[in-house]
Amino acid sequence: MQACPNLIQSVSVKTIISFFGLILFTFGLCYLSFARTLPSLSPIQSMWSPDTAQIPQLLIHYSWLPRQFVALMAGAGLALAGVILQQVLRNPLAAPSTLGFSSGAMMALTLATIHAPWMLSFGREWVAMAGALGTGLIILALTKKRGFSPLTVILVGMFMTLYCSAVTAVLNVMDQKELWSVFLWGGGSLVQHDWQTFKQMSLPFLLSVVAAIVFVRPLSLIGLSDETAGSAGLNVNRTRMIAFLIAIFVTASIVSHVGVITFIGLAAPALLRIAGIHRFGQRLILAPIVGALLLWFVDLVVQNFGTFSGYAAPTGAVTGLFGAPIMIWLLLRTKSMFQPSVVDHGYVFRTQKPMLVAWVFFAILVLLVVIGLFLGKSQTGWVWGAQALEWRSPRVIAAWMAGALLGASGVIMQRMLRNPMASPELLGVNAGASIGMAIAILSGLGVSIVIQLGFAAVGAFGAMMFVITISRRSNYSPEKVILVGVALTSFVEGITLLMSASGDSRTLLLMSWLTGSTFRIDMTLALLSSGAAIVLLGAAFACTRMQQAVELGPAFIRNAGLNESKARLILLLLVAGMSATATIVVGPLSFVSLMAPHIARMLGVIRVHHQLLVSALIGGLLLVFGDWAGRTLFYPWQVTAPLFTCLVGGPMLIWFLMRREQHAR
Amino acid sequence: MDTQQFTHPIADVPHTSFKAHQQQDSLIRNKSCIYQLKQVGVSIGEKEILSPVNLSLQPGRVYGLVGHNGSGKSTLLKVLSRTIAPTQGEVSLKGQAIETWKSRAFSQQVAYLPQYLPSANGLTARELLSMSRYAWHGMLGRKKASDKQAIDHAIALTGVADLLERQVDTLSGGERQRVWLTTLVAQQSGCLLLDEPTSALDVGHQLEVLQLIQTLGHDHGKCIVIIMHDINMAARYCDEIIALREGKMLLQAAPSEVMQPDVLQKIYGINMAVMHPEDHPPISFAKKL
């Protein structure tokens, strides 16, 4: 179509000039870090044939130079994996970090450190590699029956991410000290001591690039739709499998060597889409270049300025910190944006009795609330009774309400953005709340829980306004909201990671809140949150018709007599309110809001009001159960409720996924 | 390039040459027109997609929007439905500037069927239809008996009763089109803007749907704008043909005026001939290139 703006039209000259300015700045930084390592102007040969007597020359050759190359290659590889995954899954949120490969590596390393330290003697990278590859292959094995269909892979991949992170977090809670090194590794450090890493990384990287180039035509076709690709003579399932294998392979080789770097895989392809590059072939070539430059830039900033109180920040942790502003700046500069094709649903399994499903879940929920209130554990064993009601009831109420809010807000978000990977955290609410909380704790101002939560609320509100302001220009179009959310979330992730990696003892407090906690809730807070929850859930049910109209797209919104941007804004504000309330009560967690809507859908609960109801019930029961199990099963440790929720809810989801398979075919 | 050559003679097409049309014309002037477009144009960047158009649309009439691919038909329809705002000129609906209408009031007046139908994400046809009355009952308003009646009536008119319990996305292309059309009929707006509503229909259903559209126009007094590729069908069922070529409006005329070889040739840019069978409206066809 002629109407599609090409690169030159959609990006102004000013933007291009600024972009080149940024590249120049990067080279400046590069020179600066070079000069810092090598003070005097030594002969340039020291880069490849250093004088072994001079330490600076050795540093340049064995540390500085490989670091630059590893940064470039890691950025390129992650971007390559990202662009392939986004193409195959037709989803702008797909990336190595959101589909579980990175978290798999992290979990494997954590497990090995605690339970089988001997494995580490083979080299940390092999353990991490096994974790990443293993996770990827499990995803493929679980989705094979459904022909690796995008939605299924996305669901299983997201589940893997959350699940592995939860396992890692649980292990962390029990074994804090030993895991400090793993935690640092998780931050993604590019520090090099020799050329070993570069050599080990380059073969897999080159193989992946070659494979991607060989498969560029099938991969371009598969971005359209399964039918089109199939009729063009493509074996759709096999192409998808090959694409996943390339992505898994390249990610595993990078993650195992440099640790978890999250932002690049998502951002590099996104930047190209923002710049208006439609053709997959071009994106496939350009994404690795953009990714390489982006990571290199971030790493150079870290090399030059990244030492905080004697401690060098891991690059991966701050990628979002420096990468996100670039993305937001570009987003502000584009008006029209290319939309990836929306998932076409076709036949959807539906239950005849959605209300029966709701009643069943309600019964389970009531049962769990009773158990949560009366069944506890002490040194002597299980105890049944009302003696601890005073302490338990606020927690149970708060968990219930927060779960219901998360479940319902996930439904609204996924429908509005027409993206099964969307969750309320994209509105930046969680991120903002975390920042607020971090400031409260680290500045010493947050002396009481009320003040801390106040800070969190202010942060949540600020972040939400930020996302809404930026996406207003494009009438809150799904694509833009998603990208702004991704950028902001990565930015804040960077800040919190940095804070927690700094080793400050107060960060333990922050960490406990970040992983979600119902420990410190009193009755006042519980009642306040229930009040807010009831109002917000009421509002959500009141505007089910609006949600349905918004999901059906612009023409339908108009036919329904709604103002498109106003309707979207109302829903965004509603989700933000729900998410903020839940975040303030139990901390930032995305599992429930991501998964509860899918569980409801898999049970055949399709219509908006039914899905809202069932998803809210599932969310509630997951958190109530998580809270109870977290404080009893691992007694005397307390595992936070959300973590446990994930450990329990995840397998439930997979089971439903497999079960639906039998129904559908 | 050769647009210049075409626009000129078209301006000379005498609007008053047909008596019947003249009579109708004076009749209409007394009625209030629904849409009034003054110098309405759309351009993206430098490129002009729709050159300034003057147009007035009356209630009770069916307008066929014809033209080659990319001639600006859909753009014009999107302007009318407020999907895109014109970059110049003004559109008024019932004498009031189109952008000043409140959303709900506007959709009580205008319903729009886009060319590409969205996925209904698991909804059955009946559920989809139940949402067609949003413009009337709003977010919280109770669904009244009149809402149910409107839907039942629309179902009876389009004959989709058999499809109601099926999921919309599993229907055949033609069935889907009819279900979506039913939602528009149930919306009971005074104006229907239809972007190729018959593209996926077999001949039998095309006739049925077009007959229905004609009934809605003539008996229910609706103003209907319909994009069509089949010029013969358009000539048979529309009261007026609006022809676009390369973003410019060529003419607005009665079908009998349009069904002339030279006029058709100007619209489509290929050699066309017209047959006049007995007991049947004229039929046009393309000659060899």
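How many helices and strands does chain B have? In this predicted model, local features were considered at pLDDT of at least 70 and side-chain atom pairs at pLDDT 80 or more, whereas totals for chains, interfaces and linings use all residues. Residues are numbered from 1 along each chain as its sequence is written, and chains are lettered from A and ligands numbered from 1 in the order in which they are written.

Chain B has twelve helices and twelve strands, where helices (H or I, at least four residues) and strands (E, at least two) are DSSP runs numbered from the N terminus. Of the 289 residues in chain B, 42% are buried, a residue being buried if 20 or more other C-beta atoms, placed from the backbone, lie within 10 Å of its own, exposed if 12 or fewer do, and partly exposed in between.

Strand β3 (residues 62-67) of chain B is mostly covered, with six of its six residues buried. V62(B), G64(B) and V66(B) point one way from β3(B), while Y63(B), L65(B) and G67(B) point the other way. In a regular strand the side chains alternate between the two faces of the sheet. Strands are taken to pair if DSSP finds at least two bridges between them. By this criterion β3(B) runs parallel to strand β8 (residues 223-227) of chain B, to which four bridges join it, and Y63(B) stands opposite V225(B) in β8(B). Five bridges in the parallel sense connect β3(B) with strand β9 (residues 240-245) of chain B, where I241(B) stands opposite G64(B).

Elsewhere in chain B, four strands form an open antiparallel sheet in the order β2-β1-β4-β5. Because β2 (47-57) and β5 (96-97) of chain B stand at the edges with a single partner strand each, one side of each is left without a neighbour in the sheet. Strand β1 (residues 35-44) of chain B pairs with β2(B) in the antiparallel sense over seven bridges, and V53(B) in β2(B) is the bridge partner of V40(B).

The contact between the chains takes 29 residues from chain A and 28 residues from chain B, two residues being in contact if their C-beta atoms, placed from the backbone, lie within 7 Å. On the side of chain A that touches chain B, the elements giving two or more residues are α22 (544-551) and α23 (554-559) of chain A. Leaving aside its neighbours within four places in sequence, L405(A) is in contact with residues including A533(A), L536(A) and M578(A).
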